[in-house]
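Let's take a walk through this model together, one neighbourhood at a time. Have the viewer open and follow along as we go.

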Amino acid sequence: MNILIPVVIVVVIGLVAGVILTIASKLMYVPIDQLVADIREELPGANCGACGFAGCDDYASALGKDKGETLSPSMCPVGGPDLAAKLAELLGVEATAADPKVATVLCGGNAAAAKKLMDYEGIDTCKAASQFYGGQWACGYGCLGLGDCAAACDYGAICVADGLAVVDREKCVGCGMCTKACPKNLIEVHSKKDLIYVACKSKAAGAQTRKSCSTGCIGCRKCEKACRFDAIVIENNLARVDFEKCKNCGLCAKECPTGAIVNLRPKKQIPAKNAAAEA
């Protein structure tokens, strides 16, 4: 009899706890939106925020509630057009072409162009080096070249070459993880259609920039004067391109005396006959 009492007590406690949990599960039940769940299952799970939302869960929730009325299913650059088509099918809307994005390193100061201030022998990351007098280079605004951006990229689209971060535009999906990793805020994500940009973020006076890097922007205003579309201006000793106005003509890049403005327009192929005649 003495053994049965504890057993009965345990059984009763178990039954009461089970009843309480059952009631709690009914009261606290959160209905699952199947559409949101289906959308989330299709999303890549990178949680990079490149879609403009906090992560994949947030985007799935917003897209499911909106049902494609105002939000586009093409906002995830990681998934690309294939994902956009799947999401559009789930939402019952027409897939729209997404504007492909790509990361751009706003620095041209490789080891040949940039002047070294010291030999850095600390922790081998850009974040650590930037906290030690701004890094090993004379330009306090430039790329540190220790690869924090490359380590953050899940697509092998960025590497360090000759002391400078370089983006492979074919591999880059525009997720923006490299932008978050760069302690100098040198990497920006733009439309792939933007082919002209200033590869410099130095706000130092022109004379100081010249001492630090041979490819830095010196704020000479030659590019500003050359532009026929008012698409480039000088602010704080630094040229800045307005991509809304820029026509990718490349005149500013031709006028730049230091080569700080990069022109990615494909060069026209000269026909063999013309090339022979010019030779």
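Which residues in α2 meet which residues in α4? From α2 come Leu35, Asp38, Ile39 and Glu42, and they meet Leu83, Lys86, Leu87, Leu90 and Leu91 of α4. Please keep in mind that this is a predicted model. The residues of this contact divide into six nonpolar and three charged, with no polar ones.

Now step back to the two helices themselves. Helix α2 covers residues 34–42 and helix α4 residues 80–91; their axes lie 10 Å apart and pack at an angle of about 170°. Because angles over 145 degrees count as roughly antiparallel, α2 is roughly antiparallel to α4.

Let's stay with α4 for a moment. Its 12 residues reach 17 Å from the first C-alpha to the last, close to the 16 Å expected at 1.5 Å a residue. The buried residues of α4 are Gly80, Leu83, Ala84, Leu87, Ala88 and Leu91. They cover an arc of only 135° around the axis, so they sit on the same side of α4. What do the buried residues of α4 pack against? They pack against α2 and also against α3, which covers residues 56–66. Just after α4 comes glycine 92, with a positive phi of about 75°.

That brings us to α3. Its buried residues are Cys56, Tyr59, Ala60, Ala62, Leu63, Gly64 and Asp66. What covers them includes α2 and α4. After α3 comes lysine 67, whose phi is positive, near 55°. For context, most residues other than glycine have a negative phi.

Asparagine 236 is found in the loop between β6 (232–235) and β7 (238–241), and its phi is a positive value near 55°. Asparagine 248 has a phi near 60°, again a positive value in a residue other than glycine, and its place is in the loop between β7 and α10 (251–255). Are these two buried or exposed? Asparagine 236 counts as exposed because its relative accessibility is 54%, whereas asparagine 248 is buried, with a relative accessible area of 17%.

Two further stops take us to other helices. Serine 212 is found in helix α8, residues 206–212. Why does serine 212 count as buried? The reason is its relative accessibility of 6%, given that buried means under 20%. Leaving aside residues up to four places away in sequence, serine 212 touches Ala113, Ala114, Lys115, Ala138 and Cys139.

Finally, find threonine 179 in helix α7, residues 177–181. Not counting residues up to four places away in sequence, threonine 179 touches Ile187, Glu188 and Val189. How far apart in space are threonine 179 and cysteine 252? From C-alpha to C-alpha they are 26 Å apart, and 73 residues apart in sequence.

Key
Residues numbered from 1 in each chain as written. Predicted model: local features only at pLDDT ≥ 70, side-chain atom pairs only at ≥ 80, totals over all residues. Heavy atoms only, no water. Axes fitted to C-alpha atoms, helices over the stretch in contact; angles between N-to-C directions. Helix = DSSP H or I, 4+ residues; strand = E, 2+ residues; numbered from the N terminus. Parallel < 35°, antiparallel > 145°, perpendicular 65-115°, else oblique. Contact = heavy atoms within 4.5 Å. Nonpolar A, V, L, I, M, F, W, Y, C, P; charged D, E, K, R; others polar. Expected span 1.5 Å × (residues − 1). Buried < 20%, exposed > 50% of the residue type's maximum accessible area, 1.4 Å probe, protein only. Arc of directions from axis to C-beta.
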